[in-house]
Amino acid sequence: MDEYSRFVDWDKMDSSLQSQDAKELTCPELPELKQLARQGYWAKNHSLRAKVYHKLISNIPCRTVTPDANVYRDIVVKIAGKRSSSSLPLPEFVDDSLVPTYCLNAEGIGAVRKIILCIANQFPDISFCPALPSVVALLLHYSKDEAECFEQVCRILACNDPSKRLIDQTFLAFESSCMTFGDLANKYCQAAHKLMVAVSEDVLEVYSDWQRWLFGELPMVYIARVFDVLLVEGYKVLYRVALALLKFFRKVRARQPMKSDSIQQDIRAFIRDIANSVPPEKLLEKAFAIRLFSRKEIQLLQMANEKALQQKGITVKQKRQNVHLAVHAENFKSEIVSVKEMRDIWSWIPERFALCQPLLLFTTSEHGCSLSRFYSHSEGHEPTLLLIKTTAKEVCGAYLSTDWSERRRGGSTLSFFGTGECFVFRLKPEVERYEWVIIKHPELAKPGSETENHTSPSSSTLTSSSAPSHSSDHLSPFLSARHFKLPSKTASMFMAGSSECIIIGGGDGQALYLDADLNHGRTSHCNTFNNQPLCSETFQISLLEVWGFLDTMNG
């Protein structure tokens, strides 16, 4: 039995991990280390994984004063006393999280609570960290004693390199990560997201479970493989694996009825029993096959979500409002869409704006068919939602991320602006949301050198060179052109307007074109929509509405 087996119950753990020869791991370059982590190189031997963890964690850049093993030995008796470990109360910041036992023996199970309490004593700035029990329990399997485990967890928490963020430690960081995951699921797991919208009243409440899926529900062998990569690649891998879990759940769910009345409970049960359907290798393979945004872009999105929460005063845990009810049946009235249809649209928009309520800014039935009045009522609002009903009873629209006043930046010439968060959709005859050509066809734009070198081009959502580089209260993280080197002005064309027309679409063709009289329009059946028409190629407008986003918490 190796020196790292003190807290392991080998009746629960694969005993072959003891018998396989431990190969020494030299110090490979980062790309090779990433490959080894993803392949599970050190997952095959218990002692080797323990040594690799120790080496990787010891290399984490930390605060000058970071508690070590000696600190634990000094404080543990004072903090935990002689009480039974099972009776020790957990600090509030773990938020009644599951305390996984994984493959720990009785001594290990008791040690988890002692270590968490000692960490709480040394890190008074931690206000919300539901992942901590899982991390402590996992690392105990690979520690010689409690003090060593304490030191390793402290180094993870004390990391002072923003690019190496590993676990959330405040409610603001946690909640914005849930919103960010919702944004990513909306973009990369559209079939699963559609299912969530159909069966849950509050999609964000479902997505707020995403860290619990990993640090609570995943079996030991799976979370250990995830942790292998987390220590090498950082926080982004957590999003990848959670998205993969969502994809697999939707695939299994499509073949089976719901097991309970709660989609949250069904997802949790699926992940607990994931060994019955998806091996660890397949889960990671799926996770790394997702052509995700770059780390820099995800950080920008996270920052935007944090700012939205701060502006609403949501920085500590509180009872969540039902975001799905942002569209209230009693005070929502549209001549084009129903409450149900507006709620479906609301499930597609970025999470930081889903906290707002729809506000009618312009309607042709009241303000007439005037493009100048369209602009005067829409300007000053960001983002906006455009709804169109044709005389053929087709209904389509667009989510527009940028203030229409930006059209003036091009002077008298027609210039495109907007961001990669823009999208168009069709509600009738069938519901369909369309991605932009810049997302689906990455060859039209390449990310600049500031993005991750290993990130595929498809992960970048870029803006035209005419986009403003200044910030605003609701600045989309994808609006700032200064983060990217763009090949041409046509690389990213999302929305444009002049006194003559409005154009919504981009890339290699016009998608939606509205005449100045707001009576007629046409669409381009280009590859922006995968050759599927948004609506009739030429159409007559029956009604047109523009909706803004009312921040009820800030007036």
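Which residues does Leu132 touch, not counting residues up to four places away in sequence? The views below come from a predicted model, and the first one takes up this question.

**View 1. Leu132 and the residues around it.** Leu132 belongs to helix 6, which covers residues 132–140. Not counting residues up to four places away in sequence, Leu132 touches Phe93, Ile116, Ile119, Val153 and Leu157. The relative accessible area of Leu132 is 0%. Buried means under 20%, so Leu132 is buried.

**View 2. The crossing of helix 5 and helix 7.** Helix 5 spans residues 106–122 and helix 7 spans residues 146–157. Two packed helices are described by the angle between their axes and the distance between the axes. Here the axes come within 10 Å and cross at roughly 45°, which means that helix 5 is oblique to helix 7. The crossing is right-handed.

**View 3. The contact of helix 5 with helix 7.** From helix 5, the residues Ala111, Lys114, Ile115, Cys118, Ile119 and Gln122 take part. They meet Glu146, Cys149, Phe150, Val153, Cys154 and Leu157 of helix 7. By type, the residues of this contact divide into nine nonpolar, one polar and two charged.

**View 4. Thr390 in strand 2.** Strand 2 runs over residues 384–390 and contains Thr390. With a relative accessible area of 2%, Thr390 is buried. Leaving aside neighbours within four places in sequence, Thr390 is in contact with Phe539, Gln540, Ile541 and Ser542.

Definitions and conventions:
Residues numbered from 1 in each chain as written. Predicted model: local features only at pLDDT ≥ 70, side-chain atom pairs only at ≥ 80, totals over all residues. Heavy atoms only, no water. Helix = DSSP H or I, 4+ residues; strand = E, 2+ residues; numbered from the N terminus. Buried < 20%, exposed > 50% of the residue type's maximum accessible area, 1.4 Å probe, protein only. Contact = heavy atoms within 4.5 Å. Axes fitted to C-alpha atoms, helices over the stretch in contact; angles between N-to-C directions. Parallel < 35°, antiparallel > 145°, perpendicular 65-115°, else oblique. Left-handed = near helix turned anticlockwise from the far one by under 90°. Nonpolar A, V, L, I, M, F, W, Y, C, P; charged D, E, K, R; others polar.
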